[in-house]
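This briefing goes through one protein model by topic. The sequence and structure come first, and the notes follow.

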Amino acid sequence: MQRKPKPSLNETIRANEKALRGLCALGGKPMPPELEAPIHEAKKPRAAPTKSDIPLEHEEQKNFVKWFRSQYKGVRIFAVPNAAMRDYKLAAYLVAEGLTAGVPDLIVLDWKLAIEMKRTKGSTISDDQRDWEIYLRRIGWHHIYAYGCQDAITKVQQL
């Protein structure tokens, strides 16, 4: 037997308003004036997000990985999916498996290279990311903050 989903707060409020109106009508009484107006006003719909001129980190990383794989065919590069949006249960599950904040976005094991991709403008580096940079450099790895695909290409070519 499948469980009924729990009603949302808005659904509960609407059901209670309807029940109160019904009770007042049955008793031949008017709705109390303080409850005459809707108890809960619906949220206004969000405006559609405006498209930015600055490419998303995803696009920059995707383009860089495509370039890297075409240039260095025998060298493996892989992504660490740390930044995806998750519900709290999945996040807790992944943290228990070893998911760690601040781990760089891309890893090239052969070169002992970690790349933290950023958007070309408006990106910040978190304390966790700085901590990983310090750790990786201490154990002899290269670490790059790349502000866009072209910056990543330039920095990799300079290694």
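Of the ten residues of helix H4 (residues 88–97), one is buried, so H4 lies largely in the open. Buried here means under 20% relative accessible area, exposed means over 50%, and partly exposed is in between (1.4 Å probe, protein chains only). Helices (H or I, at least four residues) and strands (E, at least two) are DSSP runs, numbered from the N terminus. After H4 comes Gly98, which has a positive phi near 120°.

The model is predicted: local features need pLDDT of at least 70, side-chain atom pairs count only at pLDDT 80 or more, and totals for chains, interfaces and linings use all residues. Residues are numbered from 1 along each chain as its sequence is written, and side-chain values use heavy atoms, with hydrogens and water left out.

**Overall make-up**

- The protein has six helices and four strands, and along the sequence they follow the pattern α-α-α-β-α-β-β-α-β-α.
- Of the 159 residues in the protein, 26% are buried.
- The accessible surface comes to about 12,500 Å², and carbon and sulfur atoms hold 57% of this surface. Accessible areas come from the Shrake-Rupley method with a 1.4 Å probe; for residues, only the protein chains shown count as cover.
- Among contacts with a separation of 6 or more, 63% are between residues 24 or more positions apart. Contact means heavy atoms within 4.5 Å.

**The sheet**

- Four strands form an open sheet in the order E1-E2-E3-E4, with mixed pairing. Two strands pair if DSSP finds at least two bridges between them.
- E1 and E4 are the edge strands, each pairing on one side only.
- E3 and E4 run parallel and are joined by six bridges; Leu113 has His142 in E4 as a bridge partner.
- In E3, six of six residues are buried. Leu113, Ile115 and Met117 are buried on one side, and Ala114, Glu116 and Lys118 are buried on the other.

**Helices against the sheet**

- Helix H5 (residues 127–138) lies across E3 and E4 and runs at about 145° to E4. Axes are lines fitted to C-alpha atoms, for helices over the stretch in contact, and angles run from 0 to 180 degrees between N-to-C directions.
- H6 also lies across E3 and E4, at about 150° to E4.

**Nonpolar cores**

- The largest nonpolar core has 17 residues, and those with the most contacts inside it are Phe64, Phe68, Ile77, Leu106, Ile115, Met117 and Val156. A nonpolar core is a set of buried Ala, Val, Leu, Ile, Met, Phe, Trp, Tyr and Cys residues joined through side-chain atoms within 4.5 Å.
- Two or more residues of this core come from each of helix H3 (57–71), strand E2 (106–108), strand E3 (113–118), strand E4 (142–147) and helix H6 (149–157).
- A second, separate core has six residues, including Val80, Ile107, Ala114 and Leu136.
- Leaving out residues up to four places away in sequence, Phe68 touches Val75, Ile77, Val108, Trp111 and Val156.

**His143**

- His143 is found in strand E4 and is buried, with a relative accessible area of 5%.
- Leaving out residues up to four places away in sequence, His143 touches Pro104, Ala114, Glu116, Glu133, Leu136 and Arg137.

**Aromatic pairs**

- The structure holds seven aromatic pairs. Rings of Phe, Tyr and Trp (its six-membered ring) pair if their centres lie within 6.5 Å; planes under 30 degrees apart count as stacked, over 60 as edge-to-face and the rest as tilted.
- Trp67 and Tyr72 have ring centres 5.8 Å apart and planes at 80°, so this pair is edge-to-face.
- Tyr72 and Trp111 are also an edge-to-face pair, at 4.9 Å centre to centre with 85° between the planes. This pair links distant parts of the chain, 39 residues apart: Tyr72 is in the loop between H3 and strand E1 (78–79), and Trp111 is in the loop between E2 and E3.
- Trp67 is buried at 16% relative accessible area, Tyr72 is partly exposed at 24%, and Trp111 is partly exposed at 26%.
- Phe64, Trp67, Phe68, Tyr72 and Trp111 are linked by ring pairs into a cluster.
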